[in-house]
Amino acid sequence: MGQEASKPQPGAKLRVIGAGLPRTGTASFSKALEILLQGPVYHGGTQNCKGSTFNLKSWISVLERTPIRSPDDEQFVLGRIRALTDGYVAITSAPGHCFVPELMRLYPDAKVICTIRHPKEWDKSIDAIATASLQWYLRFILFPLSPMRYFPRYLDTLAAGRWAEIYNTSGKPTMHVGTEVWDRHIHHLREVVPPDKLLFFDVRDGWGPLCEALSLDVPKGIEFPQINERAAIASFAREQVKRGLMRWATMVATVAMTIGLWRLWLK
């Protein structure tokens, strides 16, 4: 997760489709692409959690139409994804990584780059995030906050829609993801992306492989970004819980004061 949501840049053309699963260095990858491509990157986690409600509400509407069952569904999905990604030079992380075929239709010249790490390390990392995100009380705490009030519904529609379609899962959010999802994701990408357009990239390898794939020079005097995404997510989660509880406390106090004044008036 990045520090702030990116803003679209008129005229920017999407050149990279980030196909890596969450918790594969997507924040560092996004920052690197911003430097290389000199434009804004649509990092799904950041845009959904720190951007406008348009992002989460739009992805929910897209996911509700997956699996795609009709030409109308298909046109809606393509149109909404185009609206979400217009003005960005790249898209990374969830849920974009689930819509690689659609993104390739919209941006046929874009390179598909899947960030990777050791599957067992990824499984442990994603399980920690899933467990924190699926606590039952978050629906209540986040309800007064925008855009986060829509986040639980987003997780529900993601799990029931494209995630279950690609990874053959239960259709419900789960605290344990499993390396089977990793294996199915890699297999899915090899099926839908031509070999000459697909790169598997470990952010620990730095600028070299990425610049070579994009036919760009290595930036001089700039180290490859290293963003501690787990720490950023944990900090953001604590902040949202605190804000939610404070908002509820304010609302309860307001209601209590209103009732008290009403009783005094009746006397």
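**Ground rules.** I number residues from 1 along each chain as its sequence is written, and my side-chain values use heavy atoms, with hydrogens and water left out. As the model is predicted, local features need pLDDT of at least 70 and side-chain atom pairs count only at pLDDT 80 or more, while totals for chains, interfaces and linings use all residues.

**Ser30.** I looked up where Ser30 sits and found it in helix H1, residues 26-37. Helices here are DSSP runs of H or I of at least four residues, numbered from the N terminus. Ser30 is buried, at a relative accessible area of 5%. I use buried for under 20% relative accessible area, exposed for over 50% and partly exposed for in between, with a 1.4 Å probe and protein chains only. A polar atom of the Ser30 side chain lies 2.7 Å from the backbone oxygen of Thr26. I then listed the contacts of Ser30 (heavy atoms within 4.5 Å). Setting aside neighbours within four places in sequence, Ser30 is in contact with Val41, His43 and Thr92.

**Cores.** I next looked up the nonpolar cores, meaning sets of buried Ala, Val, Leu, Ile, Met, Phe, Trp, Tyr and Cys residues joined through side-chain atoms within 4.5 Å. The largest has 48 residues, and Ile17, Trp59 and Val112 are among those with the most contacts inside it. Helix H3 (residues 53-63) gives the most to this core, five residues. Apart from it lies another core of 19 residues, including Leu37 and Phe201. Back in the largest core, I took Val112 as one of the residues with the most contacts. Not counting residues up to four places away in sequence, Val112 touches, among others, Ile17, Val100, Met104 and Leu199.

**Cysteines.** I searched for disulfides (cysteine sulfur atoms paired within 2.5 Å) and the count is zero. For Cys114, the nearest cysteine sulfur is that of Cys98, 11 Å away. Cys114 is buried, with a relative accessible area of 1%. For Cys211, the nearest cysteine sulfur is that of Cys114, 18 Å away. Cys211 is also buried, at 2%.

H1 and helix H12 (229-266) each supply at least two lining residues.

Note on methods:
A polar contact is a pair of N or O atoms within 3.5 Å; within protein, one must be able to donate a hydrogen and the other to accept it, and residues adjacent in sequence count only if both atoms are side-chain atoms.
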